[in-house]
Structure formats: C-alpha cells, structure tokens
Amino acid sequence: MLSDNQLLRYSRHIFLPEIDIQGQQALADARVLVLGAGGLGSPALMYLAAAGVGHLVVSDPDVVELSNLQRQIVHRQDSLDQLKADSARRHLLALNPDIEVDALPRALDDDELQQQAAAATVVVVGTDNFSSRHAANRACLSTGTPLVSAAAIAWEAQISTFDPRLADSPCFACLYPDSNEQALNCAETGVVSPLVGMLGSYQALEVIKLITGAGTPLIGRLQLFDARHGEWQTLRLKRNPECPACASFVASDTSRD
Amino acid sequence: MTSAAEPSTAAVTVLFFARLREELPQPRLHWPWSEAGTVNELRRDIAAQGNDWAALTEDLLVAVNQEMAGPEQTVKPGDEVAFFPPVTGG
C-alpha cells in the first residue's frame, strides 16, 4: 500500500488514468535491472528512481572517468574514480530515498545475469558492446523477461523493446545476429550529450509502460533517431523464425500448451 | 538514372539513414530496378559505383517498405529500401 507521502510524491502519475494508484503500486512493486550506468543508463535510472520503481539493480564494471561526465549525468564531479554502480546508487538514493537500489560493480556472468533477469520485472540494456547485449537477450529469453534496448553513437540512435512473453515478439538477435563487433562505440567515436539523455529517458518510459500496461510499447518496432536533422524513423521488426536465439524458446512455449 | 518527371515503376527508392546519409554523396536515390532481385544484389549494384559508395557494406541494416529485412529478401520495382548502420554505443 502506498503511504500518504507516496500518494503525494507520485500524484502526477496517479492523475494519469493509464497509471492511477494501481499503476503506481505496480511500479513500487517492480524490480528493474539496468545493465550499464553510462550515458543511457544514467537518465534511465534517474527517471525510474524518481518515478518510484521500488527496486533498481544497477550493474556496471567501470569506474567514473572525467570524460564520462559530459553525458553520464547520474555521476557527479565527486564520483570520479568511484565505481559507476556505487556512484549511481548513491545519487539515486539522494534523488529518492523511498526506493531500494542494489549496486553490482561488475559485468554479470551468464549465471548471475540469468538469476538477475529472473528476479527482474523488466531489463534495460544500455551497454557499449554487442556481446553484453546478446548475453542480456539470452537471459531475458530464458526467463521470459521483457528487454528494453537502446544504443546511441555520434548523432544517431536506435531503440526497441523485446517481450519474450509474447509468441510473436522478435528478440534482439532477430535484429542483430550474434556475429560481429563492427559497430562504433561512444568511447572511441564520440556522442552528442543530450542524445543519450533522450534515449535513456525513452527507455525509462518504455519500462513504465511495460510495468503499468499503459499504451503500446515498442514491441515489433525499431525506432531510429537522427539528431543531426531531428528525424525519427519507425520500422517494423518481425520475429525471425530461423533466429538461433529465440527459435528454441518459442518452440518450447508451444509444447507447453 | 531516369528523368525526375514520372516516378517510374521500373526503379526502387533507396534511402540512407544516420551516418550513411552524411557519408554518401546523396541521401536518397531513384535506382533503376526492372526485375525482382535481392537486397544484397541492390546493395552491391549501388556500391559498385565506387568511391564513397563503397561504404555500402554488408554489415548494414536494411528495411524494405519500412520493415526490417535480411540480405536475401526480394526487392521489387517500386519498393522503398533503406540502409543504415548498426549502433551499440551506450
């Protein structure tokens, strides 16, 4: 049950008929795993904390460096040289002491990822490499946990949501076959600061929609944003029946019925 | 390339998004395409113009008529084909 203080704190959510007290209670009861406390993870975590998601789990193996502070806004000047997971936890609790935050200052191996995904209501991935995204995808597929994935580089970004609870949802590997590490990353290429802010905030929005059931999440749609020209593209994304990552899970789904 | 007068059906519209839009000489093309072929064949045809067009490599993502497509998907005259790079930064 939400306290009087919480009813006031979250009143601007509760005013929304799509969220209401029921949706806010669902947020309070939810546990969200955020992989990467960088440019995308920062605003995603901050909005999820402010929005009253009851339990956040943040995993990041890195330490805050000076060049991170241009865009990774959950970290502050006094976070330099601290583990990002610990710095994020400290600032999230300062933003909202009403929630629980677990800091996991390491890259999760497959076993731990599996456990954390199983315990999570939704997983958010904003890491800087494909192998960790594919690992998150596998853990979400095997535990039936929705995955909100965004990526940004330079002036361009992509976002989509994958929900293995739905038989026709694509998975991350339907979009990106698990093969190469060709793509650029921010550490080597650069990224315009508010772009990761937009996309990380969008990830938090997707999480709130998934938890409360409000509206239509980006399942089966990939959105591209070109910050140079201020243009969005929406592309349909279907499940690949030959996808090596999700085909086996869908098959076992059917056999259960 | 045909004249701009009529949107010929014996062609496809090719769009380049994100970084490709900046790197290639044009953000969009009207490319002659009289029979069905694959996404990969179209990409190789355009890349064969050389110079900057060689940036059309096989690791790019592709959408045909606003739907994500694989390299072997058929492209028919009149289709809209968009190419864009993979992104993983966070």
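**Close look at one residue**

Tutor: Ser149(A) is buried, with a relative accessible area of 5% (buried means under 20%, exposed over 50%, partly exposed in between, with a 1.4 Å probe and protein chains only). The model is predicted, so local features need pLDDT of at least 70 and side-chain atom pairs pLDDT 80 or more, while totals for chains, interfaces and linings use all residues. Residues are numbered from 1 along each chain as written, chains are lettered from A and ligands numbered from 1 in written order, and side-chain values use heavy atoms, without hydrogens or water.

Ser149(A) belongs to strand β5 of chain A, residues 147-153 (strands are DSSP runs of E, at least two residues; helices are runs of H or I, at least four; both are numbered from the N terminus). Its side chain makes a polar contact of 3.1 Å with the side chain of Arg133(A) (a pair of N or O atoms within 3.5 Å, one able to donate a hydrogen and the other to accept it; residues adjacent in sequence count only if both atoms are side-chain atoms). Leaving out residues up to four places away in sequence, Ser149(A) also touches Val125(A), Gln158(A), Ile159(A), Ser160(A), Phe162(A), Phe172(A) and Gln203(A), besides Arg133(A) (heavy atoms within 4.5 Å).

As for chain B, 2 helices and 7 strands make up its secondary structure, in the order β-α-β-β-α-β-β-β-β from the N terminus. Its C-alpha trace spans about 45 × 25 × 20 Å along the principal axes. Of its 90 residues, 49% count as buried. Among contacts in chain B between residues at least 6 apart in sequence, 57% join residues at least 24 apart.
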